[in-house]
Amino acid sequence: MPSLLSITAHFFLQIAVILVTYRLLWPLFRRLAQVQVVAIMVAGFLLGPSVLGWLWPTGQQWLFPTTLTIGAETIPHPNLTAIYVVGQLGLVLYMFLVGASFKVEILGAHVKQAGVTSAAGIGVPLVLGGAVGWWMVSLGGYFTDKVEHWQGGLFVAAAVAITAFPMLAWIIYDSGLLNTRLGTMALSCAAVDDACSWVLLATVVATAKGSAEGAVLAVGGGLAYLVFMLFVGRRLLARLETWTPPRADTEQAGGIPIAHVSVILLVVLTASWFTDVVGIYSVFGAFVAGAVMPRGALLDKIRDRFEPLVAYLLLPAFFIYSGLNTRLDLILDPATLAMAAVVLVVSFAAKFGAVGLAARSQGMSWYEAGSMGALANARGLMELILLNIGFEAGLISGKLYTILALMTIVTTFVATPLQRLFERRLQRSGAKFGPAGEEPHGLDPEYSGTQPKSGTSG
């Protein structure tokens with residue numbers, strides 16, 4: 001068993017390698033109209049067994065060991081556990097920051113449109129993804145033996161319906177869409193569709209374990225938490241703006257009273273713990289906590305101080321953990337490659353097609369509707385979280401994990417260039433995306449719609 005000192009030293013090296021790989025990839029990805037989080041995601045896969053493990057198996061296994069053999073027993077390597085925990089902490093804090101930047105007032109003006117597009121974004125994947133999942137169970141090799149046909153259908157439906165909520169927020173920040181109807185509706189639809197996907201996942205996991213109560217707990221506990229935060233938590237947190245801490249706690253860190261930071265971290269971590277326990281998972285607890293935080297100078301300072309550390313140090317650990325579970329060698333036979341193609345086509349049709357057409361039916365132009373579909377089609381972080389849960393619960397095989405991970409990379413990779421293609425065409429017509437939808441802009445030769453305008457990820 002390695003010592004605590006050796007585990008720590010090796011962990012420092014692992015994080016350093018992740019950051020160096022991402023920084024080397026970023027110039028290329030920037031030219032491809034990508035945002036930085038996509039480069040970080042791909043870096044995680046490159047360092048896994050599918051690429052680095054293929055090129056240099058011994059080095060990859062030494063750098064990112066996944067198991068440890070002690071006598072006759074094989075256990076997860078302590079460094080893998082460390083990467084997992086740090087990645088989860090990064091996810092939770094990042095989702096809090098996303099919630100803290102959410103524009104509720106813009107959503108309120110477009111509730112009907114957001115509702116229709118959200119319904120399309122969950123309804124169509126439920127039908128198409130459910131059919132593919134049912135078929136996969138019949139074929140065998142994609143799910144474990146304890147998964148029934150309907151459970152496999154719900155799992156694939158959830159995988160197709162999900163949207164890259166944290167990554168979508170990053171894309172919206174980088175693209176300057178945060179304060180627009182498009183950006184707010186895209187985040188709103190992602191929140192609703194992802195919540196539904198988590199309920200589907202909780203149902204599959206609970207019933208596969210023989211406990212239907214788990215699904216009831218997920219729905220009931222999630223609703224109870226949401227109601228509490230909206231009507232009680234919001235009022236209590238609003239006092240932070242005017243609260244003067246005791247004299248012993250007035251010391252500040254970066255212009256923020258430490259007492260305030262402690263309270264906010266306590267709320268975020270407790271909320272994440274509770275939603276994890278009930279089965280809705282920690283990311284939504286953290287997002288709601290951020291969404292109900294009082295807007296003002298305190299929250300602005302919190303975002304400014306936390307975002308760089310969270311986005312560029314903690315969050316990359318999650319991507320490398322996911323990359324270590326992806327093995328391309330499992331899907332190289334013709335039948336599995338054909339199934340991967342089917343999953344990819346269904347994924348595009350169920351999100352890009354369904355959400356885009358629903359948005360168009362609600363009066364949006366083809367430019368805005370196409371952008372909505374493109375953004376909704378990105379799956380990124382949330383898909384990887386879902387896959388990890390399914391894999392660790394013993395529901396899916398490594399083959400299905402890799403198929404859905406590849407689908408995640410492709411759909412996320414094309415999301416930003418496709419959205420910016422629609423935006424450039426809109427700009428050429430003399431308009432731009434704004435809080436009310438499309439607004440007159442005038443032909444500006446310096447405006448390309450591709451430069452970051454807010455956030456720390458640009």
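**Helix packing and burial in the predicted model**

Helix H12 passes helix H13 in a right-handed crossing. In this predicted model, the axes of H12, which spans residues 258-278, and of H13, which spans residues 282-291, come within 7 Å and cross at roughly 140 degrees. Because angles over 145 degrees would count as roughly antiparallel and those from 65 to 115 degrees as roughly perpendicular, the arrangement of H12 relative to H13 is classed as oblique. On the side of H12, the contact is formed by Val-267, Val-268, Ala-271, Ser-272, Thr-275 and Asp-276, while H13 contributes Ser-282, Gly-285, Ala-286 and Ala-289. By residue class, the contact of H12 with H13 comprises five nonpolar, four polar and one charged residue.

A further helix, H17, is described here by its burial. Of the eleven residues of H17, which covers residues 366-376, nine are buried, so this helix is largely enclosed by the rest of the structure. The buried residues of H17 are Glu-368, Ala-369, Gly-370, Ser-371, Met-372, Gly-373, Ala-374, Leu-375 and Ala-376.

For the protein as a whole, the secondary structure consists of 19 helices and six strands. Buried residues account for 56% of the 458 residues in the protein, and the accessible surface comes to about 19,000 Å², with 68% of that surface belonging to carbon and sulfur atoms. Among the contacts in the protein with a separation of 6 or more, 78% are accounted for by residues 24 or more positions apart.

Methods. Residues are numbered from 1 along each chain as its sequence is written. This is a predicted model: local features need pLDDT of at least 70, side-chain atom pairs count only at pLDDT 80 or more; totals for chains, interfaces and linings use all residues. Side-chain values use heavy atoms; hydrogens and water are left out. Axes are lines fitted to C-alpha atoms, for helices over the stretch in contact, and angles run from 0 to 180 degrees between N-to-C directions. Helices (H or I, at least four residues) and strands (E, at least two) are DSSP runs, numbered from the N terminus. Angles under 35 degrees count as roughly parallel, over 145 as roughly antiparallel, 65 to 115 as roughly perpendicular and the rest as oblique. A crossing is left-handed if the near helix is turned anticlockwise from the far one by less than a right angle, and right-handed if clockwise. Contact means heavy atoms within 4.5 Å. Ala, Val, Leu, Ile, Met, Phe, Trp, Tyr, Cys and Pro count as nonpolar, Asp, Glu, Lys and Arg as charged, and the others, Gly among them, as polar. Buried means under 20% relative accessible area, exposed over 50%, partly exposed in between (1.4 Å probe, protein chains only). Accessible areas come from the Shrake-Rupley method with a 1.4 Å probe; for residues, only the protein chains shown count as cover.
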